[in-house]
Amino acid sequence: MKTLTLAILLFFSAVGFAQDKPLSNDDRGKLIYYEVVTVKDAHKDSLSARAATFLKKSSKSLKLKSRESDSVFQAEGKLIVNKTAMVLSRPSGEVLYNFYVEIRDGKYRFWLTDFNFIPYQRDRYGNFVPSTTVGVPLETKPGKLNAAEWAGYLKATTSAVNVFAGRFKAAMMNKAVALPVIKAEPVNPAKKW
């Protein structure tokens, strides 16, 4: 019953029916999503292998920047913000962010921060491409004309980050990921090389 309830909760949070956890500000004034998760009977090595597997599977939207040790990961990610009008949907920009994971025995913490928005524009071929290479931090206050649109970008980023966090926590709870096992070949002393 617990697994069914957890599966239903993860489904509704991924679909967007559940309440989104809002992004808060850290001590630098940047928007951040921060969470500490306790996993019973999980060793540091298995959690590290699960995190590495998640980063490898998410290589399209998440690129590993550095791995300082077996328990610290740093990656850069990108998510696309869509603008929907009636039935049509088009990308209006992308949000770049940094993703950090620190792992200990029985628990891990992760956070997403440094959100920068890059608007899209149509090129001469009709494709949506970034209009600039410099992103605007999401915590900046918009002007009066762009306030509603900026609030939409912030809301879309919040919901995408919550879905990402749910996917990451589900991957870290997955017990199917195991450490690679090295098999020793039997040595036959009668056989010569």
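How many helices and strands are there in the chain? There are 3 helices and 8 strands, where helices (H or I, at least four residues) and strands (E, at least two) are DSSP runs, numbered from the N terminus. Starting at the N terminus, the elements follow the order α-β-β-α-β-β-β-β-β-β-α.

Before going further, a word on what you're looking at. This is a predicted model, in which local features need pLDDT of at least 70 and side-chain atom pairs count only at pLDDT 80 or more, while totals for chains, interfaces and linings use all residues. Residues are numbered from 1 along each chain as its sequence is written, and side-chain values use heavy atoms, with hydrogens and water left out.

Let's take the chain as a whole. Of its 193 residues, 32% are buried; buried means under 20% relative accessible area, exposed over 50%, and partly exposed in between (1.4 Å probe, protein chains only). Now for contacts, meaning heavy atoms within 4.5 Å. Among those between residues at least 6 apart in sequence, 51% join residues at least 24 apart.

Next, the aromatic rings. Rings of Phe, Tyr and Trp (its six-membered ring) pair if their centres lie within 6.5 Å; planes under 30 degrees apart count as stacked, over 60 as edge-to-face and the rest as tilted. By that rule there are 16 aromatic pairs. Take Y33 and F110: their ring centres are 6.0 Å apart and their planes sit at 35 degrees, so this pair is tilted. Y33 lies in strand β2 (residues 31-38) and F110 in strand β6 (residues 107-122), so the pair ties together parts that are 77 residues apart in sequence. Both Y33 and F110 are buried.

F110 has another partner, F99. Here the ring centres are 6.4 Å apart and the planes are at 55 degrees, so the pair of F99 and F110 is tilted. F99 belongs to strand β5 (residues 88-104) and F110 to strand β6, so this pair links parts 11 residues apart in sequence. Why does F110 count as buried? Because its relative accessibility is 0%. F99 is buried too, with a relative accessible area of 1%. Zoom out, and Y33, F54, Y97, F99, Y108, F110, F115, F164 and F168 form one aromatic cluster.

On to the helices. Two packed helices are described by the angle between their axes and the distance between the axes. Helix α2 (residues 44-57) and helix α3 (residues 147-173) pack at an angle of about 135 degrees, with axes 8 Å apart. (Axes are lines fitted to C-alpha atoms, for helices over the stretch in contact, and angles run from 0 to 180 degrees between N-to-C directions.) That makes α2 oblique to α3, since angles under 35 degrees count as roughly parallel, over 145 as roughly antiparallel, 65 to 115 as roughly perpendicular and the rest as oblique. Where α2 and α3 touch, L47, R50, A51 and F54 in α2 meet F164, R167, F168, A171, M172 and M173 in α3.

Finally, look at two residues in helix α3. M172 is buried, at 0% relative accessibility. Not counting residues up to four places away in sequence, M172 touches L47, R50, A51, I103 and Y108. Leaving aside neighbours within four places in sequence, T157 is in contact with L23, V81, V95, F115 and L138.
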